[in-house]
Amino acid sequence: MSRTALRICPLCEATCGLTLTIEGTRVTHARGDRDDVFSQGFICPKGASFGAVDSDPDRLRTPLVRRDGELREATWEEAFDAVAAGIRPVVERHGPNSVGVVLGNPNVHTMAGALYPPVLLAGLGTRSVFTASTVDQMPKHVSSGLLFGDANAIPVPDLDRTGHLLLIGANPLESNGSLCTAPDFPGKLKALKARGGTLVVIDPRRTRTAKLADRHIAVRPGTDALLLAAMAQVLFEEGLTEPAPYVQGVEELADAIREFTPEAVAEACDVEAGAIRALARDLAAAPAAAVYGRIGSCTVPHGTLASWLVDVLNILTGNLDRPGGALFPQAATDKTPRPAGPGRGFALGRWHSRVSRHPEAKGELPLSALAEEIDTATEEGEPVRALIAVAANPVLSAPDGDRLDKALDSLDFMVSVDPYLNETSRHADVVLPPPPPSQSPHHDFAFNTLAVRNQVRYTRPAVPLEPGRMAETEILARLILAVTGMHGADPAAVDQMVIDQTLGKAVKEPHSPVHGGDPRELAARLGGDTGPERRLDMMLRLGPYGDGFGVRPDGLSLDKLLAHPHGIDLGPLEPRLPQPLKTRSGRVELLPGPIADDLPRLRAALAERPEGLVLVGRRHLRSNNSWMHNVPALTGGSNRCTLHIHPEDAERLGVEDGAAVRVKGAGGQVTAPAEVTDTIRRGVVSLPHGWGHNRPGTRLSHASTDPGVNVNQLLDGRLLDPLSGNAVLNGVPVEVAPGTGPEASAVTEKLTALT
């Protein structure tokens with residue numbers, strides 16, 4: 001007999017509510033939950049394939065431990081014994097920084113990934129921390145930290161009320177949104193147009209989003225910051241500024257960008273000066289407008305400046321913290337709001353990487369530097385000798401995967417928390433597989449801080465944990481104990497420690513609803529069946545909408561949330577300044593020192609002109625990086641690893657549609673099938689990321705049948721945005737030529753077989 005259960009989809013940032021049909025313990029169907037307070041029934045192809053993702057036969061079911069050079073099935077006890085025996089000696093002999101930690105982006109899609117990695121990092125005390133953020137959105141964190149004093153204070157466009165939306169480097173019809181959590185992003189854009197609003201898209205590709213736009217500007221890749229600076233200059237020149245409140249540095253900014261006129265940047269951007277002026281004037285004239293930039297404007301040489309200028313335009317037009325503009329969401333699990341006032345601010349470069357001296361940003365080093373931190377000896381500090389990878393596949397996601405592949409083989413020890421034996425986890429000495437998502441609870445700690453409407457939802461596991469499985473929360477708790485010298489202790493101690501520390505601080509804070517209370521008495525009142533649920537209850541009750549442990553009887557608690565299985569709507573985004581600001585001045589600091597110091601590099605870019613082709617990435621609605629290429633329902637059709645090239649470039653280079661083409665960059669070369677299309681501008685080619693499933697020793701049976709190529713192998717890791725350490729993935733010079741030799745023949749044979 002079948003039954004249904006609710007589940008928040010963990011497969012992208014839209015966080016849609018699902019209704020699952022379950023036969024026994026198997027998810028057989030997924031549809032949108034029409035009663036979900038946030039997504040209201042919307043579902044995309046990834047959510048519809050939840051059951052196929054959940055039941056992928058290649059998912060590991062038991063731990064693997066390397067014995068005599070081979071990974072073999074083991075018990076959980078044997079696996080954690082091996083972790084403790086492998087990591088602790090490295091820490092004791094070489095210090096905590098000799099243990100690297102790599103966190104992949106699936107961590108923000110799970111409760112375990114949100115709650116436990118911070119405890120792991122604090123317990124280890126390592127500064128060798130690398131995450132997917134530095135091949136994605138780190139520039140936005142850095143610019144937000146410098147502007148607002150908090151790297152996680154990211155304003156999002158008020159999609160439901162704006163009248164003018166300018167997107168740069170964003171393709172939400174494929175991504176479903178990013179750093180902007182919005183179920184049915186396509187529907188929201190169509191609603192914007194239906195109510196008479198304007199959609200402008202700046203992108204070198206005529207994406208699905210660009211096709212929907214009222215205006216599409218095909219900018220030259222990598223020049224986003226120049227274009228945005230010129231728009232800001234027009235606002236000053238023509239007296240169109242209406243700065244948002246609580247802002248300092250307006251006059252200094254006007255002087256700093258004075259020379260970035262539309263005429264000065266037009267040739268570099270390949271956008272007419274008149275078009276740039278029109279963009280600025282239309283933005284300023286709109287009653288409510290928002291500028292939104294994403295990965296295309298982050299993964300470029302001036303990614304932090306571009307991210308900063310997105311908010312500068314929102315600030316100068318008065319649209320920051322205004323309904324219909326860009327506002328700061330308020331998540332239910334945010335910390336108790338503190339009174340507005342000066343904070344500690346945000347600092348960069350508190351330490352540096354050992355080899356190339358890259359400055360840290362937000363406590364992280366560039367993922368691009370991971371390989372050299374392992375394989376290069378220096379007089380300063382120990383190399384990374386052991387690695388903990390949690391939901392991370394940097395062999396595909398970081399530049400120069402071939403070098404990292406070899407470096408991982410040289411480690412003294414490696415542990416990977418991953419459901420698959422993939423291109424990275426195949427190097428591990430221990431693999432700890434979490435259960436499928438149907439067997440895990442779900443609450444979106446990170447994405448609710450980026451949501452376009454304030455709401456709160458929680459779903460318990462839809463299916464009981466299978467015998468022999470271990471909850472991901474327990475896996476990470478036991479991992480923390482094993483690597484911090486407490487192996488064998490009760491994993492519940494990790495949650496209790498966090499609860500004790502959090503409540504101990506809360507009772508000492510004058511603005512806290514539990515100020516002056518007894519932490520032990522408060523802990524005893526927490527609800528929930530598990531340690532993670534008790535932590536969620538604590539965060540809800542201390543949060544901005546919480547009951548304050550009885551101080552506000554109508555406030556939130558876990559019990560109240562469980563009584564609303566489709567979620568609780570907390571209302572539209574509201575103006576919040578100056579409360580979110582944590583700068584030393586207590587104001588929005590419009591021209592921070594590090595930004596001003598980086599502007600000369602942008603001025604130098606005015607004279608830069610790429611002579612050959614440049615590369616940009618792309619994604620598909622049915623993919624989320626490398627996660628889902630092993631699911632047949634999410635591959636094939638238009639979701640293929642092909643090189644997009646403009647017809648004129650193809651004709652000039654002798655490249656034929658469907659034929660093999662060789663692409664060469666600073667880090668190496670790959671051969672892929674060409675797809676000749678006028679949806680990409682001349683001088684630009686595009687390869688999707690997340691592919692390259694052709695390495696031996698993996699267990700990805702479907703992905704390996706159509707492996708594609710690893711676009712990041714074209715990069716050598718040396719191109720970084722200096723402020724954030726973010727890898728430059730777009731606007732990268734490449735050489736393209738018709739494919740020849742055995743590799744090209746193999747591509748052609750593969751294409752023939754697939755078609």
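The structure is a predicted model, in which local features need pLDDT of at least 70 and side-chain atom pairs count only at pLDDT 80 or more, while totals for chains, interfaces and linings use all residues. Residues are numbered from 1 along each chain as its sequence is written, and side-chain values use heavy atoms, with hydrogens and water left out.

We may begin with the chain as a whole. It holds 26 helices and 26 strands, these being DSSP runs numbered from the N terminus (helices: H or I, at least four residues; strands: E, at least two). The radius of gyration is 25 Å, close to the 27 Å that the globule rule gives for 755 residues, so the chain is as compact as a globular protein of that length; the radius is taken over C-alpha atoms, and the rule is 2.2 Å times the number of residues to the power 0.38. Along its principal axes, the C-alpha trace spans about 65 × 65 × 65 Å. Of the 755 residues, 61% are buried, where buried means under 20% relative accessible area, exposed over 50%, and partly exposed in between (1.4 Å probe, protein chains only). Among contacts (heavy atoms within 4.5 Å) with a separation of 6 or more, 73% join residues 24 or more positions apart. The chain exposes about 27,600 Å², and carbon and sulfur atoms supply 50% of that area, as computed by the Shrake-Rupley method with a 1.4 Å probe, with only the protein chains shown counting as cover for residues.

After the helix comes G239, with a positive phi near 65°.

The largest nonpolar core has 62 residues, of which L226, M231 and W308 touch the most other members. Helix 10 gives the largest share of this core, 10 residues. Such a core is a set of buried Ala, Val, Leu, Ile, Met, Phe, Trp, Tyr and Cys residues joined through side-chain atoms within 4.5 Å. Beyond its neighbours within four places in sequence, L226 is in contact with F260, V265, A268, C269, L602, A605 and L606. Another core lies apart, with 49 residues, among them L115, V456, L479 and L561.

Helix 3 (residues 76-94) has 19 residues that should span 27 Å at 1.5 Å a residue, and its end C-alpha atoms are 27 Å apart, which agrees. Its buried residues include W76, F80, V83 and I87. Two of these, W76 and F80, form a stacked aromatic pair, 6.2 Å centre to centre with 25° between the planes. Rings of Phe, Tyr and Trp (its six-membered ring) pair if their centres lie within 6.5 Å; planes under 30 degrees apart count as stacked, over 60 as edge-to-face and the rest as tilted. W76 and F80 sit four residues apart, about one turn of the helix. Just after helix 3, G95 takes a positive phi of about 90°.

Finally, D721 is found in the loop between strand 25 (684-686) and strand 26 (732-738). This residue is buried, with a relative accessible area of 0%. Not counting residues up to four places away in sequence, D721 touches P139, V300, P301, H302, G303, T304, R601, N726 and V728.

Key. Expected span 1.5 Å × (residues − 1).
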